[in-house]
Amino acid sequence: MALLHVENLRKSFGGLMAVKDLSFHVEPGEILGLIGPNGAGKSTVFNLIMGTITPDQGRILFKGRDITHWPTYKIVDAGVARVFQIARYFPRKTVYENVEISAIPNEIFVRSADPRAKTVESCVRTGLCTNEHCPGDDRCLCRSELPGMLPQGGLRRLELARAIGTDPELLLLDEPFAGLSHAEVDEISHLIASLRDEGQTIVLVDHNMRGVMRLVDRIVVLCFGEKIAEGTPEEVARNPQVQEAYLAGGGF
Amino acid sequence: MSLRTLKFALLGLTVIVAGAVGPFLPSKWMTTLLYAQLFAVYAMGWDILSGMTGQISFGHIFFVAVSGYTAGLLNLYLQWPIWATVPTGVVMAVLAGLLFSVPALRLRGPYFSLVTLILPLAAARLVIILADWTGGELGKFGVTPLCQDSLLNALNGVLLRLGISIDGFRLYQYCNYYFFWMLMAMVGGGLVWLSTSRIGKILEAIRENEEAVEAAGINVAKYKIFAFVVSAFIVGLGGALSVHTNEAVFFNSLLSLTTSIEMIVASVIGGMGTIVGALWGGFLVRGGEQVIKELAQLKLPIGAAGLALSFLERWATLIFFALLLVLLFFARQGLLPLLAGLFRRGRRIRGG
């Protein structure tokens with residue numbers, strides 16, 4: 001059974017149809033690429049899945065449950081997490097404390113497990129805190145550094161750590177390579193691959209098809225809110241409609 | 001040393017000092033500090049909601065009023081005893097907090113703040129319209145005192161057995177002073193614990209980026225309502241007890257917008273969201289003015305007749321607020337963060 005089912009999703013903003021009768025599904029353990037030129041509606045799809053905006057029509061099923069009208073926090077608790085293209089962090093909390101918030105359960109009165117172990121794990125897994133003291137020890141840089149001091153690649157790792165901290169079964173990555181240097185792109189793509197190898201299901205949005213070809217198992221191509229192709233990277237790359245869309249939209 | 005330990009240490013120190021100076025205080029100062037302690041409770045109650053989550057409430061005096069008038073009027077007209085009036089007042093304040101949090105959750109930033117301002121204004125009108133019962137702006141006397149004769153006699157008996165003899169009025173003052181001292185210590189302890197717990201971390205995170213908290217799987221609305229309820233509870237508790245200390249329902253102490261604004265000032269001066277900072281701020285705001293008034297009694301040995309400082313008396317409030325502004329200029333983050341910063345730099349301790 002598919003982990004995520006998107007059925008006939010439709011969303012328009014005023015007269016603009018941002019997502020038009022879109023259906024696709026995500027299999028457990030795969031990396032699905034959601035590709036399309038700028039303005040194709042990729043981020044809107046993420047916003048719809050995360051409950052940031054509600055669709056005009058259609059539904060979203062996660063593990064067979066209809067999550068279409070759920071609030072964001074509930075969707076996150078159910079097991080979907082999103083990594084934003086522009087990091088959304090707590091500027092006055094340290095890097096470690098930023099990750100810690102994700103590890104704290106949504107319970108006020110129930111005494112739950114210590115978030116410490118979870119926080120440490122998320123930090124280590126994303127390579128956010130790497131020196132020998134990290135991140136258990138006060139000497140670790142993560143414990144004093146503020147997010148504002150991190151380079152772009154570090155911020156992306158922080159976003160990833162915050163997402164992973166919520167224990168997601170499905171991870172949505174919004175343009176994870178945008179604004180990164182070549183070296184950082186390699187590192188982050190390595191990190192994503194290693195997460196997949198550990199069994200993490202991922203949906204990855206990107207406008208640059210070439211960059212994600214090696215990383216994804218399957219691709220869904222969006223153009224003006226519509227699905228124009230679906231298949232393995234090779235199949236999609238050969239698709240004349242896709243080539244046209246990309247050439248029209250500035251090439252890929 | 002963790003931030004929690006540091007805050008508990010600072011709180012403990014403050015409470016010990018406030019307790020230790022009690023017996024040495026002249027009567028006037030004892031009254032000033034009694035009200036400073038009550039006000040510190042208000043300021044800490046404000047801080048747990050507004051200081052921590054960043055939703056600035058201008059109208060916290062509303063919760064004082066709801067609880068204070070409930071307790072006071074129940075006592076005046078139905079002769080309910082203290083053990084019934086105070087809990088009822090607090091429950092009403094909590095209900096008001098709950099009721100208020102629902103629309104408040106839909107509002108952000110200045111819109112939220114402006115709405116909070118409307119509540120005490122509306123309540124003030126109501127109190128004046130119902131002046132026959134509430135006493136209006138003049139207030140109404142005759143509320144059962146917090147320290148009743150039976151309690152004072154019992155205290156006197158204990159003290160006499162210990163070989164301590166204190167005259168009646170002084171004992172009455174002590175009783176009130178140390179009652180609010182205990183209240184301040186308990187509220188301070190509870191709120192320092194809460195503010196440094198996981199719940200506090202989330203409230204702080206809400207202040208910094210609400211969307212990111214939601215994305216972490218946290219129900220922001222639930223935490224905001226919780227903060228509202230705790231805040232209304234604390235402020236309401238202070239309000240209900242103050243009525244019995246004053247032995248009257250006073251419009252000026254239960255519904256003064258100035259007090260509402262001063263809660264913000266106290267928290268900002270001490271450090272928003274730090275609780276202990278709000279407590280210090282409370283003492284500064286209530287005690288500072290009195291200090292200047294005391295100075296006005298002095299004569300400087302300048303010139304033959306000496307330079308009387310009596311002119312300070314009239315200007316005390318103004319001078320005091322000017323000093324607060326200067327303080328804010330140099331310690332924008334507030335006193336406690338300033339101190340914690342120095343402490344950390346000195347000890348090279350990182351993180352929280």
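1. A residue is called buried if 20 or more other C-beta atoms lie within 10 Å of its own, exposed if 12 or fewer do, and partly exposed in between, with the C-beta atoms placed from the backbone. By that rule, buried residues make up 46% of the 252 residues in chain A. In chain B, 44% of the 352 residues are buried.

2. A word on what you are looking at: this is a predicted model, in which local features need pLDDT of at least 70 and side-chain atom pairs count only at pLDDT 80 or more, while totals for chains, interfaces and linings use all residues. Residues are numbered from 1 along each chain as its sequence is written, and chains are lettered from A and ligands numbered from 1 in the order in which they are written.

3. Let us begin with chain A as a whole. It has 9 helices and 10 strands; helices (H or I, at least four residues) and strands (E, at least two) are DSSP runs, numbered from the N terminus. The C-alpha trace of chain A spans about 55 × 40 × 35 Å along its principal axes. Its radius of gyration, taken over C-alpha atoms, is 18 Å, which agrees with the value near 18 Å for a compact globule because chain A has 252 residues. The globule rule behind this is 2.2 Å times the number of residues to the power 0.38.

4. Chain A is divided into domain 1 (1–23 + 42–80 + 212–233) and domain 2 (85–167), with bounds that come from an automatic or database domain assignment. Taken over C-alpha atoms, the centres of domain 1 and domain 2 of chain A are separated by 28 Å.

5. Next, please find the sheet. An open sheet of 6 strands in chain A has the order β6-β7-β8-β3-β9-β10, with mixed pairing; two strands pair if DSSP finds at least two bridges between them. Which strands are at the edges? They are β6 (80–83) and β10 of chain A, each of which pairs on one side only. From one strand to the next the twist averages 20°, where axes are lines fitted to C-alpha atoms, for helices over the stretch in contact, and angles run from 0 to 180 degrees between N-to-C directions.

6. Strand β3 (residues 31–35) of chain A pairs with β9(A) in the parallel sense over 4 bridges, and Gly33(A) stands opposite Ile219(A) in β9(A). Ile219(A) also stands opposite Gly231(A) in β10(A). Here β9 (residues 218–223) and β10 (residues 226–231) of chain A run antiparallel and are joined by 5 bridges. The hairpin of β9(A) and β10(A) has 2 residues between the strands, and Phe224(A) takes a positive phi near 50° there.

7. Helix α1 (residues 42–49) of chain A lies across β3, β6, β7 (170–174), β8 (201–206) and β9 of chain A, running at about 145° to β7(A). Is α1(A) mostly covered or uncovered? Mostly covered, since 7 of its 8 residues are buried; among them are Lys42(A), Val45(A), Phe46(A) and Leu48(A). After α1(A) comes Gly51(A), whose phi is positive, near 80°.

8. For contrast, turn to Gln241(A) in helix α9 (residues 240–248) of chain A. Why does Gln241(A) count as exposed? Because Gln241(A) has 12 C-beta neighbours inside 10 Å. Leaving aside its neighbours within four places in sequence, Gln241(A) is in contact with Ile228(A) and Ala229(A); two residues are in contact if their C-beta atoms, placed from the backbone, lie within 7 Å.

9. Now for chain B, which has 16 helices and 4 strands. Its C-alpha trace spans about 60 × 55 × 45 Å along the principal axes. Among contacts in chain B with a separation of 6 or more, 77% are between residues 24 or more positions apart; the corresponding share in chain A is 64%.

10. Finally, see where the chains meet. In all, 26 residues of chain A are in contact with 21 residues of chain B. On the chain A side, α2 (72–78) and α3 (95–103) are the elements that give two or more residues, and α3(A) supplies the largest share, 5 residues. That side divides into 10 nonpolar, 6 polar and 10 charged residues. In this count, Ala, Val, Leu, Ile, Met, Phe, Trp, Tyr, Cys and Pro are nonpolar, Asp, Glu, Lys and Arg are charged, and the others, Gly among them, are polar.
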